[in-house]
Amino acid sequence: MSSPSTDPSTDPSNEPSTGPGTDAPVDRRRWIALAVVLTASFMDLVDVTIVNIAMPSISHDLGASFSVLQWITEGYALAFAAGLITGGRLGDIYGRRRVFLLGMGGFTLASMLCGLAGDPHLLVAARVLQGGTAALMVPQVLAIVHSTFPAHERGKVFGMFGAIVGLGAVSGPILGALLTEWNILGLEWRPIFLVNLPVGIAGLILGRRFIAESKAENALKLDLVGVALATLGIVMFLYPLTQGRELGWPLWGFLLMGGSAVVLGLFVVYERYKKRKDGSPLVELSLFSVKSFAAGIGVQLAFGVLTGIYFLCWTLYMQLGLGWSALRSGLTGIPFSIAVSVTAGMSVQKLVPRFGRKVLQAGALVMAAGVLLYIWEADRYGADITSWQMALPLIVMGAGMGFVVAPLTDAVLAEVPREHAGSASGLINTTQQLGNAIGLGLVSVVFFGVLDEDAVARGRAATAFGDAYGNALWWVAGLLAVVFLLVFALPRHSRTEAPVADAAPAEKGEPIAA
């Protein structure tokens, strides 16, 4: 899933040179501006979670192959991850209001193109555009909040922000299910994208009028070469990984994946050069000399991968395997989302201050227990499993996830020097999105790679999809074990002063939703 993001440009030390963040009187219209940027965050969160639930309908209507279905979600995640840091820097340089409105306008246009797409490949292209424009829009949200509201009001505002994050995570699957089931005007899945049009247009009109412009006094320069090298290296790895099964795993695919390591090596070399040249690399490589940060990035990557695998496989299993409707599938996920929200708040407010990193490790173990419980239930009930029988393992998995995702960012940033806190925060968000894209790519191996298509053709889809889903869950359990071990490298307790208290509240209590 995508998440409200921070990057070097939103470091609170980068006070805006213009706008309400200065000594100018605070404009009462700031609350309308807040409503606009919170709506933008809500649109982004819902758009990620809403798509998974409509995948079977999209496949049936457009004749999309399994690999194309992966790219519908993977393309968005990859474009979003690649553009996050650059999007934030563009706001610092050219004005956060201007870039925010550009991103919102592009996101709205891309949503329209998604809703009108008559070909699966055009839908993938529109989703990539949607992810890229979201990368312009989302990083400005917290920066605009920081420049618009005085310090004494930010706590209340960030509380509202957290509520919107939770609401977006819970409502996305339900909204997607309802819009798909209602089949408004015979449009089937298309309203899940078209619903963004009136919201986006209203946001553009209100944002242009009520959001004050702000920039950073000392904005970092763009690193477009770094973005190009990193994106090329990642695509060289993900494209053959996603397409390889359908193409029979050709030799060129393995050569591309091997070549991706060379390109990413060139990226590291260039980033070191960029640091010496003007001090504004895309990635601050010196951060990885901090052991806890390097391990924390590993945790974020592993967690992103397992969520990318889990939620897509879960949706396909319920709808294509068990034959459940989109609405029933969406409602089945409610216990999971509620459990994430409850334990996320509990972990940050009560448990982490007392037990530190043990909360994250307990969360990984609890989530793994939920995965194993589900594997046992699936083996016992098979194709006759019900939503009620799924509820217990989903609650356990959701509870475990909440214990991990909410306190993770503070734990990763605990030993990062304050002057690099903004860069580190941006890299954490980017890594999470990148992990999600990699996980979606791995679905072709861990799910479709073991799916017995002959059994599906013979009318035994429930058994075939159930076996494939079970295999994916074992991968999820293995990744949770990796998370558990890597957490040992994090500090026992986060430092008392949060490194980016104003710049990165989004991760507190933020569920990664189905």
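Is arginine 245 buried, partly exposed or exposed, and at what relative accessibility? At 21% relative accessibility, arginine 245 counts as partly exposed (buried means under 20% relative accessible area, exposed over 50%, partly exposed in between, with a 1.4 Å probe and protein chains only). The model is predicted, with local features needing pLDDT of at least 70, side-chain atom pairs counting only at pLDDT 80 or more, and totals for chains, interfaces and linings using all residues. Residues are numbered from 1 along each chain as its sequence is written, and side-chain values use heavy atoms, without hydrogens and water.

The structure holds six salt bridges, each a side-chain nitrogen of Lys or Arg within 4 Å of a carboxyl oxygen of Asp or Glu. In one of them, arginine 245 pairs with glutamate 453, and the closest N and O atoms are 3.1 Å apart. This pair links distant parts of the chain, 208 residues apart: arginine 245 lies in helix 9 (residues 224-247) and glutamate 453 in helix 17 (residues 453-457). Helices are DSSP runs (H or I, at least four residues), numbered from the N terminus. Glutamate 453 is partly exposed, at 43%.

Another salt bridge joins aspartate 278 to lysine 274, with 3.0 Å between the closest N and O atoms. Both residues lie in helix 10 (residues 251-278), four residues apart, about one turn of the helix. Aspartate 278 is partly exposed at 27% relative accessibility, whereas lysine 274 is buried at 7%.

Lysine 275 forms a salt bridge with glutamate 284, the closest N and O atoms lying 3.1 Å apart. Lysine 275 is partly exposed at 37%, and glutamate 284 is buried at 8%.

Definitions and conventions. Helix = DSSP H or I, 4+ residues; strand = E, 2+ residues; numbered from the N terminus.
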